[in-house]
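Dear colleague,

Please find below the structure that I am handing over to you. My findings follow it.

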Amino acid sequence: MDDRTGQRIVPETARRGDRVSGTRYGNRPTMKDVAARAGVGLKTVSRVVNGEPGVTPDTERRVQEAIEALGFRRNDSARVLRKGRTASIGLVLEDLADPFYGPLSRAVEEVARAHGALLINGSSAEDPEREQELVLALCARRVDGLVVIPAGDDHRYLEPELRAGVATVFVDRPAGRIDADVVLSDSFGGARDGVAHLIAHGHRRIGFVGDMPRIHTAAERLRGYRAAMEEAGIPVERSWMSLGVTDPERVRRAAEEMLSGPAPVTAIFAGNNRVTVTVVRVLAEHRRPVALVGFDDFELADLLKPGVTVVAQDAAALGRTAAERLFRQLDGTLVTPERIELPTRLITRGSGELPPAD
């Protein structure tokens, strides 16, 4: 039978019929079911399932045939809970749809898999209350550790969990009001380098469009922008800076205001990949060439005309470093929380090298 999407649907009754009868209806087969079918004791099945010695080849063959026929799967959750560990870690992101978090999440997952652990993802949607709700829900399910991209700035709610032994590492932004491991990119240094690059190509009126000021990375990138301008002896006009939500409408309005008037900016530094994409669209409609440097690389940035110059951070390295540190906590080899800052890299492609139009 096919559904409307063209996918083949096998009735549940047909799937059950493929299995050998004898197990309880609606329940997963147990080791007792396997033992009964193979004609052996429960301890013998346990030895085969857990790869322990003391079982003859013929007996092991009968047990494996029973396992295959019944579709038995070992209950790992019960096994690890008896040891006090769930063999799982939680990853709390800002937005699962953001391309920046794809390689970060994949790196965390690869490290978790290498340690025999399952990764559970969740998104805070940049809401501190949702972050807390999600983190505590993961703790209630007894995850061994947490990798958190924080949305809030007060993480004292985690103190009981930390005392209970839940390993925790923060990524991209530090924890608020608690001591915890954190792995960051050098947002300040990267922004300073990006703006200094624009200054080196003759720009003096440089706009900054960033994320909400309460977010650590947005504040650090604004600080880097100000530092580069100050080091070059360039006074910054208030109208050249705009921070807020990164939805396209707000960013478009901010960019258009900077590009209008008798003394418009000749270059823009965009605070993250979402801001950069919107600014690229605005500049495509603008009559004069305007230089652009964005923080975060993004897909197809090198194929645009001109290619978009970016300050790139290594999202995969952030995730990998955080996850490796998390498992070192779980192994008991780390005690004192540390702040680890990874470098950024300026990638020149053309947009950041345009000279001022006036």
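**The largest cavity**

The lining of the largest cavity consists of eight charged, six polar and four nonpolar residues; here Ala, Val, Leu, Ile, Met, Phe, Trp, Tyr, Cys and Pro count as nonpolar, Asp, Glu, Lys and Arg as charged, and the others, Gly among them, as polar. Please note that this is a predicted model, in which local features need pLDDT of at least 70 and side-chain atom pairs count only at pLDDT 80 or more, while totals for chains, interfaces and linings use all residues. Residues are numbered from 1 along each chain as its sequence is written, and side-chain values use heavy atoms, with hydrogens and water left out.

The volume of the largest cavity is about 170 Å³. Thr217, Arg221, Asn272, Arg274 and Asp296 are the closest to its centre among the 18 lining residues. Two or more residues of this lining come from each of β6 (206–210), α10 (216–231) and α12, and α10 gives the most, with three. Helices (H or I, at least four residues) and strands (E, at least two) are DSSP runs, numbered from the N terminus.

On a 1 Å grid over the protein atoms alone, a cavity is a set of points where a 1.4 Å probe fits but cannot get out, and a pocket is an open set with protein on both sides within 12 Å along at least five of seven lines; lining residues have an atom within 4 Å of a point. Grid points are joined across faces, edges and corners, and a volume is the space filled by probe spheres set on the points.

**The second largest pocket**

The second largest pocket has a volume of about 360 Å³. Its lining comprises 14 residues, and Pro99, Asn273, Asp297, Phe298 and Glu299 lie nearest the centre. Both α12 (273–284) and α13 (315–330) give two or more residues to this lining; α12 gives the most, with three. By class, seven of the lining residues are nonpolar, five charged and two polar.

**The packing of α2 and α4**

Helix α2 (residues 31–38) packs against helix α4 (residues 57–70) at an angle of about 120°, and their axes are 9 Å apart. Axes are lines fitted to C-alpha atoms, for helices over the stretch in contact, and angles run from 0 to 180 degrees between N-to-C directions. In this contact (heavy atoms within 4.5 Å), Asp33, Val34, Arg37 and Ala38 of α2 meet Arg62, Val63, Ala66, Ile67, Ala69 and Leu70 of α4. Seven of the contact residues are nonpolar, three are charged and none is polar.

With kind regards
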